[in-house]
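This report goes through selected features of one protein model. It is meant to be read beside the sequence and the structure.

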Amino acid sequence: PQRIYYLSLEFYMGRTLQNTMVNLGLQNACDEAIYQLGLDLEELEEIEEDAGLGNGGLGRLAACFLDSMATLGLAAYGYGIRYEFGIFNQKIVDGWQVEEADDWLRYGNPWEKARPEYMLPVHFYGRVDHAPEGVKWVDTQVVLAMPYDTPVPGYKNNTVNTMRLWSAKAPNDFNLQEFNVGDYIEAVLDRNLAENISRVLYPNDNFFEGKELRLKQEYFVVAATLQDIIRRFKSSKFGCRDPVRTCFETFPDKVAIQLNDTHPALSIPELMRILVDVEKVDWDKAWEITKRTCAYTNHTVLPEALERWPVSMFEKLLPRHLEIIYALNQMHLDRVAALYPGDIDRLRRMSVIEEGDCKRINMAHLCVIGSHAVNGVARIHSDIVKNSVFKDFYELEPEKFQNKTNGITPRRWLLLCNPGLADVIAEKIGEGFITDLSQLKKLLDFINNETFIRDVAKVKQENKLKFAAYLEEQYKVKINPSSMFDVQVKRIHEYKRQLLNCLHAITLYNRIRSDPSKSFVPRTIMIGGKAAPGYHMAKMIIKLITSIGEVINNDPYVGDRLKVIFLENYRVSLAEKVIPAADLSQQISTAGTEASGTGNMKFMVNGALTIGTMDGANVEMAEEAGEENLFIFGMRVEDVEALDRQGYNAREYYERLPELRQAIDQIGSGFFSPRDPGCFRDLVNMLLYHDRFKVFADYEAYIKCQGQVDQLFMDPREWTKKVIRNIACSGKFSSDRTITEYAREIWGVEPSATKIPPPNLPRD
């Protein structure tokens with residue numbers, strides 16, 4: 001079969017025990033067996049560490065994709081890095097985020113199997129020899145890549161795929177070569193330098209930090225993986241009959257490489273280097289093979305997230321790859337120049353090399369020219385990719401550009417995390433939805449069914465009680481379980497506009513204070529997420545949230561009508577607890593900034609209603625469920641662009657809207673930080689004078705929309721009917737659908753629903 005290789009620097013897997021039991025159909029049996037031993041399975045599950053080898057959406061998407069690829073019976077492999085330390089653990093101290101190393105392997109990892117027999121060398125530094133017999137990359141430093149395999153079971157289909165993560169090992173002669181005479185101890189200690197490559201995950205979400213160690217990580221995973229792919233291609237029975245194995249004609253028919261963002265972009269020059277320098281394939285043939293093999297997924301349009309590596313760093317670390325990139329770029333620009341004679345600016349815009357004070361390599365441009373397919377991750381995002389980010393490339397090769405709207409695995413995000421809801425659904429429509437989520441449409445028949453309405457509401461209330469108990473037990477915070485659980489959980493970033501949420505909380509607080517006798521819909525506003533350690537503004541946002549909570553939660557006038565809770569150390573295992581308990585899901589990024597979002601889909605399938613902008617996959621959620629069944633507010637992409645042309649003036653909103661002005665003045669004056677009145681001065685200054693994400697422009701529409709949320713929440717029956725409609729229309733957002741589209745439209749393979757015979761039965 002054609003093999004699929006999903007290359008990613010992040011796999012945000014979470015815990016594995018319960019997922020394995022669910023996919024093997026063993027959960028009830030294990031539950032019973034453990035119970036008979038006098039133990040509680042849920043207590044055991046809480047002991048497992050999350051595998052936090054990712055930052056957020058991109059890494060979690062890779063994990064959902066592995067689950068779907070196995071469930072769809074594809075011969076797929078996930079390849080990445082076995083970071084010794086994953087995403088940091090977040091502690092809140094005095095209202096500030098403090099990072100702690102995530103020593104997740106401390107007690108070992110029972111799910112992985114080391115494969116030292118497949119260890120491979122990876123080369124760095126050195127120089128390039130241009131000899132008559134061919135090009136040689138010589139005098140390199142070698143680091144060994146040790147593979148660790150983790151099984152990826154499909155859902156009840158007896159398929160088990162592999163996720164292979166590479167760990168860096170120093171060779172035994174490391175720094176003990178002839179020139180290093182005598183200092184043996186020093187040389188052995190220096191092994192750490194090589195092994196640091198797989199030490200730690202870079203904790204940036206949607207931000208590029210051009211550090212040499214990170215470039216080493218990117219090349220490390222690519223070089224090891226490509227050797228593995230080629231070894232497997234040559235040794236399998238479909239490999240060439242050639243005695244010398246130089247026939248790579250069939251390579252793209254047998255191998256598909258998917259690049260999860262530009263992080264594994266070095267696959268393109270590395271595959272060229274192997275084909276041309278090692279396997280002696282003709283350059284043009286090698287380029288054709290490379291392009292037909294690779295495909296690239298773009299995950300963001302934020303300019304600060306695009307990878308642009310200094311040429312000087314490449315020159316030192318990967319000299320041969322730099323030569324290859326220059327040659328590919330020349331070929332590419334020659335083609336553009338022939339099609340658009342005299343259009344020098346177009347050549348500059350489309351070059352892989354950016355000229356300037358510091359010459360840089362634009363990895364996104366490298367991916368676009370080196371791939372046969374380029375996709376965005378939601379329809380609106382794919383349109384922005386075609387019409388702005390890669391506009392010139394789209395004009396050159398429109399057929400290359402596709403959309404593949406993201407999805408989530410219904411096994412983890414419904415069956416595993418919300419068994420109560422899954423049961424109530426299965427009772428009405430059977431279990432087919434688990435592997436064909438579009439079947440949820442059948443629930444539309446029960447939208448006016450009183451018992452079903454009651455059952456759905458009851459499951460939500462139970463989930464809320466359970467989460468309230470968890471918060472009390474873990475963090476000693478008491479919340480009102482009959483209040484609306486208003487949740488925004490995602491990485492902390494200005495574009496995600498947690499600040500807009502804060503302004504609503506303050507506005508609500510001021511309304512209660514100004515008329516304490518009036519009846520208000522009680523709310524518990526929960527905000528959770530990690531800030532990149534170097535992202536000052538994101539850390540200030542966390543401090544603001546905790547400071548607002550401090551004031552509101554201790555004001556006797558408010559009582560339990562309003563609480564603001566910061567959910568500490570948000571991660572996959574906490575998402576599995578909070579999402580099933582949420583009533584309202586906040587998806588409020590500035591239109592045109594959130595490529596897709598996937599948390600939005602998890603909330604939808606788990607029976608929360610969405611308040612959100614027309615951004616990312618929210619657009620398609622509104623299309624599926626009907627716009628009137630989501631709380632959509634604020635500027636559309638066109639409005640944002642118009643405002644940019646006209647010039648965004650935050651002060652105008654501040655002057656015009658008294659409730660906004662009051663909230664901003666309170667933040668700026670130290671009302672929420674009495675011990676340090678100037679604490680949030682920078683933050684207020686940003687909002688007023690250089691807010692790229694236009695928080696104030698959507699404030700009025702947001703507050704008004706939240707009023708509509710309150711209105712509906714006061715009518716539980718109507719609220720629940722909307723919930724059922726949302727669940728019934730969430731089927732599109734299964735990663736099974738997403739992967740089926742990748743398989744057919746990019747990889748050229750057909751998914752199969754057939755269950756292979758279990759190992760204890762003889763094969764046909």
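## Basis of the model

This is a predicted model, in which local features need pLDDT of at least 70, side-chain atom pairs count only at pLDDT 80 or more, and totals for chains, interfaces and linings use all residues. Residues are numbered from 1 along each chain as its sequence is written, and side-chain values use heavy atoms, with hydrogens and water left out.

Helices (H or I, at least four residues) and strands (E, at least two) are DSSP runs, numbered from the N terminus. Accessible areas come from the Shrake-Rupley method with a 1.4 Å probe, and for residues only the protein chains shown count as cover. A residue is called buried under 20% relative accessible area, exposed over 50%, and partly exposed in between (1.4 Å probe, protein chains only).

## Salt bridges

A salt bridge is a side-chain nitrogen of Lys or Arg within 4 Å of a carboxyl oxygen of Asp or Glu. The count by this rule is 65 salt bridges.

Arginine 115 pairs with aspartate 149 in a salt bridge whose closest N and O atoms are 3.5 Å apart. This pair links distant parts of the chain, 34 residues apart: arginine 115 sits in the loop between β7 (113-114) and β8 (120-124), and aspartate 149 in strand β11 (residues 141-153). Arginine 115 is partly exposed because its relative accessible area is 26%, whereas aspartate 149 has 10% and so counts as buried.

## A salt-bridge network

Arginine 346 forms a salt bridge with aspartate 343, with 3.0 Å between the closest N and O atoms. Here arginine 346 is buried, at a relative accessible area of 10%, and aspartate 343 is partly exposed, at 25%.

A salt bridge of 2.9 Å, N to O, joins the side chains of arginine 349 and aspartate 345. Arginine 349 is partly exposed at 32% relative accessibility, and aspartate 345 is partly exposed at 38%. These two residues are four apart in helix α13 (residues 344-350), so about one helical turn separates them. Through shared partners, salt bridges join Asp343, Asp345, Arg346, Arg348, Arg349, Lys391, Asp392 and Glu395 into one network.

## Surface patches

Patches are made of residues with over 30% relative accessible area and no salt bridge; like charges are joined within 9 Å, and nonpolar side chains (Val, Leu, Ile, Met, Phe, Trp, Tyr) within 5 Å. Lys and Arg count as positive and Asp and Glu as negative, while His and the chain ends are not counted. The place of a charge is taken as NZ of Lys, CZ of Arg, CG of Asp or CD of Glu.

A surface patch of negative charge is made up of Asp31, Glu32, Asp40 and Glu43. Glutamate 43 belongs to helix α3 (residues 41-45) and is exposed, with a relative accessible area of 56%. A nonpolar surface patch consists of Leu176, Tyr184, Ile185, Val188 and Leu189, which together have about 470 Å² of accessible area. Leucine 189 lies in helix α5 (residues 184-189) and is exposed at 52% relative accessibility.

## Helix α14

Helix α14 (residues 363-370) is mostly covered, with eight of its eight residues buried. They are Met363, Ala364, His365, Leu366, Cys367, Val368, Ile369 and Gly370. At the start of α14, a side-chain oxygen of asparagine 362 comes within 3.1 Å of the backbone nitrogen of alanine 364.

## Buried residues in strands

Serine 585 is part of strand β23 (residues 584-587) and is buried, at 0% relative accessibility. Its side chain makes a polar contact of 2.9 Å with that of glutamine 587. A polar contact is a pair of N or O atoms within 3.5 Å; within protein, one must be able to donate a hydrogen and the other to accept it, and residues adjacent in sequence count only if both atoms are side-chain atoms.

Tyrosine 148 is in strand β11 and is buried, with a relative accessible area of 16%. Its C-alpha atom is separated by 47 Å from that of histidine 504, 356 residues apart along the chain.

## Positive phi angles

Most residues other than glycine have a negative phi. Aspartate 94 has a positive phi, near 55 degrees. Aspartate 94 lies in the loop between β5 (89-93) and β6 (96-100) and is exposed, at 66% relative accessible area.

Asparagine 175 also has a positive phi, near 60 degrees. Asparagine 175 is in the loop between β12 (160-169) and α5 and is partly exposed, at 23% relative accessibility.
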